[in-house]
Amino acid sequence: MTRVQKIVLSSSRDIPFNKLVLSQSNVRRIKAGVSIDELAEDIARRTLLQSITVRPVRDTEGVETGMFEVPAGGRRFRALELLVKQKRLAKTAPVPCVVREDGIPEEDSLAENVQRAPLHPLDQFRAFLALREKGQSEEDIAAAFFVAVSVVKQRLRLAAVSPKLLDVYADDGMTLDQLMAFTVNGDHERQEQVFERLSQSYSKEPHVIRRMLTEGAVRASDKRAQFIGLDAYTEAGGVILRDLFQGDDGGWLQDVGLLDMLVAEQLRDQSEAIRAEGWKWIDVAPDFAYGHTYGLRQLRGEQVPLTDDEQATRDALQAEMDGLEGTYAEAEELPDEVDQRLGEIETALGQLDDRPQAFDPEEIARAGAFVSIDGSGALRIERGYVRPEDELPIAPENDAETDPADQPTIAARTEHDGTSVAAGTEPPADEPEEDDGIKPIPDRLMTELTSHRTLALRHALGENPDIAFAAALHALCLKVFYRYSQDTCLELDLKSAGFSAQSPGLADSALAVAFDARHQAWLNALPKEPADLWDGLISFDTDSRQALFAHCVSLSVNAIYEAYNRKPRALAHADRIAQAVDLDMVAAGWTPTIGNYFGRVTKARILAAVRQAKGERAGDRIEHLKKAEMAEQAETLLAGSGWLPEPLRTPGRDVPNAVESDAIDPVEADADAAGEETTADGGETAVVEDEEVAEDDSIALEAHATAAE
């Protein structure tokens, strides 16, 4: 029987530090990992926790010299050397050493580094947690291990994940990134539920885990959260889910009911000051549908003038801004303090210029205000809107110089056959008998005379395109900016289309803000009274009149698909206009998301979109997914691609990155449609042939059409 040879370990002993020298046999050449300074501080805190491997230094004859070289443990040696230089360690301080005789020095150094097993991340997480439970603060732990406090917070958060999931991670059942995603929600039961759902899903990416764990929560960047403030929400007992490993825009507010209650209370409190101004009614809500003021007359107030002190302050700020801009006009980059000061001045000037308007108390008593939250989370107040039922009765139009009882009605409606009948009157059977006094012209004769004048006016206007344009613009402006005004002889009408269906966030979109700002700018530029409008428009230059005309006409555009009101020819005309203005919905800011498209259509449409934008292979990779996961993947894949669904495409404009694929019929039904919300079009497309009309002729035709009214 062969006896197993017993292993003899190398001897260990304490050797004075001044008897140690660094060996050239150390294989570590790259300076990486913990710095010498940090290691020295750690040794000073805890002393040397691991001995140093050394070999005796021999002379040429092989006799020991009393010195020892260090082939393994060079960083520990340098850390001790630094402590000696700092006079924090004696030169002769004994150092625990393992003395090696056999083998090769380089082998000792290599084995010490290669055979070292790195600490599993979970062991570090749990070690940090153990230190925390034993009374050390996060700051103490960070200082002891030379890491940032945020790193300690992250490690502690990871250690607080459900023990079941930590065991899965320890067995390599999930990645560290996936474990990080589970920290978003600290509810262990919820974490385990999501993990079970993932086990049956193909998509297990961290962003999918985060989405599942924050379902039903509200982003801290939501305007409701910004309105009340996160501090108020947490003080009321609300919980905020935070992601320590990715930017989360402030986290997610978990208690949506509490959030809505706080928003309602704060809106109600702030609306009381508006109500005290004397308005007949106040409508308060976090959101109003876009176009909610349609059909209401907006009051025209007078801006409160600046006081002498305010004007002096404004002049001084403007002079300072002009001086700074002049001084640094040639500078490529402004100094930080100058840039900050210019920002402060712009803010102050904006506050001085954005002064409230004063309204007639009698009008305030008939009008109301809307109080809501704008897209940035600030209070939005829309004052001075009069409902139709609160308008004063329209007084009959009478000549001020005659007795109303004797004044004939001159508003006659002329039909295309040339005959006319005075509105509200019957033609007298006979002409009045002659007498000594001058009587008003009979109604029948007034009708006949004004018929001649109307025809002459139509003919003259039809030959004067500029005045016809101004007259049409005048009529449109009365309709858009002066509700219920009767100050035009043109029987033109403009139907401003409301929005029967509201897309989420439409009122706060950049397009809505820009459109409303343009409308308000024109409202401020026009005279307050409708009687002064004609002179005001005539004083505008041609470019201004054309721009205002375009704005008024734009308000009548209605290209909204409505299932109950099929209008294929109108929608075909919308396509023609889109081509004419080169409409680009991508540049307008629309991008497909789960909320506005992928979560609202069938799986077949999602796949068609992905294949069209990214190719067949991309579609094949997500074809097996469930609807929610497929929508999530599609949003990620198509982000920034410029892809648009069919209703948003402009004919003739290429879809960016489009790949050849089979189109889906807008009215097709598929098996996935059951129980899902779809946006099938179902409308036929009308083909409109091009009409080649010369530019000059089109202007003349427009003038003729205007005169025909």
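Modeller: First, a term we need: pLDDT is the predictor's confidence in each residue, from 0 to 100. We need it here, as this is a predicted model.

Biologist: Okay, what is the mean pLDDT of the chain?

Modeller: Let's start with the share of residues that reach 70 or more, which is 83%. Averaged over the chain, the mean pLDDT is 79.

Biologist: And over which residues does pLDDT stay under 50?

Modeller: There are two stretches to point out. One is residues 400-426, for which the model has 31 contacts beyond four places in sequence. For the other, the model has 69 such contacts, and pLDDT again stays under 50: that's residues 660-709.

Biologist: Let's zoom out. How many helices and strands does the chain have?

Modeller: The chain has 709 residues, and 32% of them count as buried. Its secondary structure comes to 26 helices and 16 strands.

Biologist: Of the contacts between residues at least 6 apart in sequence, what percentage join residues at least 24 apart?

Modeller: A contact here means heavy atoms within 4.5 Å. Among contacts between residues at least 6 apart in sequence, the share joining residues at least 24 apart is 71%.

Biologist: What about the surface: how much of it belongs to carbon and sulfur atoms?

Modeller: The accessible surface of the chain comes to about 43500 Å². The part that belongs to carbon and sulfur atoms is 51%.

Biologist: At what angle do the axes of α4 and α6 cross?

Modeller: Helix α4 is residues 121-133, and its axis comes within 8 Å of the α6 axis. The two helices are roughly perpendicular, and the crossing angle is roughly 100°.

Biologist: How many charged residues does the contact of α4 with α6 have?

Modeller: Among the residues that meet are Phe125, Phe128 and Arg132 in α4, and Val152, Leu156 and Arg155 in α6. The contact has 7 nonpolar residues and 1 polar one, and its charged residues number 3.

Biologist: Staying with α6, is glutamine 154 buried or exposed?

Modeller: Glutamine 154 is found in helix α6, residues 149-159, and touches Leu244 and Phe245 from beyond four places in sequence. Under 20% relative accessible area counts as buried. Glutamine 154 has 19%, so the word is buried.

Biologist: What is the relative accessibility of leucine 548?

Modeller: Leucine 548 has its place in helix α21, residues 542-554. Its contacts beyond four places in sequence include Trp522, Phe481 and Leu537. Leucine 548 counts as buried, at a relative accessibility of 0%.

Biologist: Where do I find threonine 53?

Modeller: Threonine 53 is buried, with a relative accessible area of 14%. Leaving aside neighbours within four places in sequence, threonine 53 is in contact with residues including Glu69, Val98 and Asp108. Its place is residues 52-58, strand β3.

Biologist: Last one: how far apart are the C-alpha atoms of arginine 653 and aspartate 584?

Modeller: Arginine 653 lies in the loop between α25 and α26 and counts as partly exposed at 30% relative accessibility. Arginine 653 touches Asp582, Leu583 and Asp584. Along the chain, arginine 653 and aspartate 584 are 69 residues apart, while their C-alpha atoms are separated by 8.3 Å.

Technical notes:
Residues are numbered from 1 along each chain as its sequence is written. This is a predicted model: local features need pLDDT of at least 70, side-chain atom pairs count only at pLDDT 80 or more; totals for chains, interfaces and linings use all residues. Side-chain values use heavy atoms; hydrogens and water are left out. Helices (H or I, at least four residues) and strands (E, at least two) are DSSP runs, numbered from the N terminus. Buried means under 20% relative accessible area, exposed over 50%, partly exposed in between (1.4 Å probe, protein chains only). Accessible areas come from the Shrake-Rupley method with a 1.4 Å probe; for residues, only the protein chains shown count as cover. Axes are lines fitted to C-alpha atoms, for helices over the stretch in contact, and angles run from 0 to 180 degrees between N-to-C directions. Angles under 35 degrees count as roughly parallel, over 145 as roughly antiparallel, 65 to 115 as roughly perpendicular and the rest as oblique. Ala, Val, Leu, Ile, Met, Phe, Trp, Tyr, Cys and Pro count as nonpolar, Asp, Glu, Lys and Arg as charged, and the others, Gly among them, as polar.
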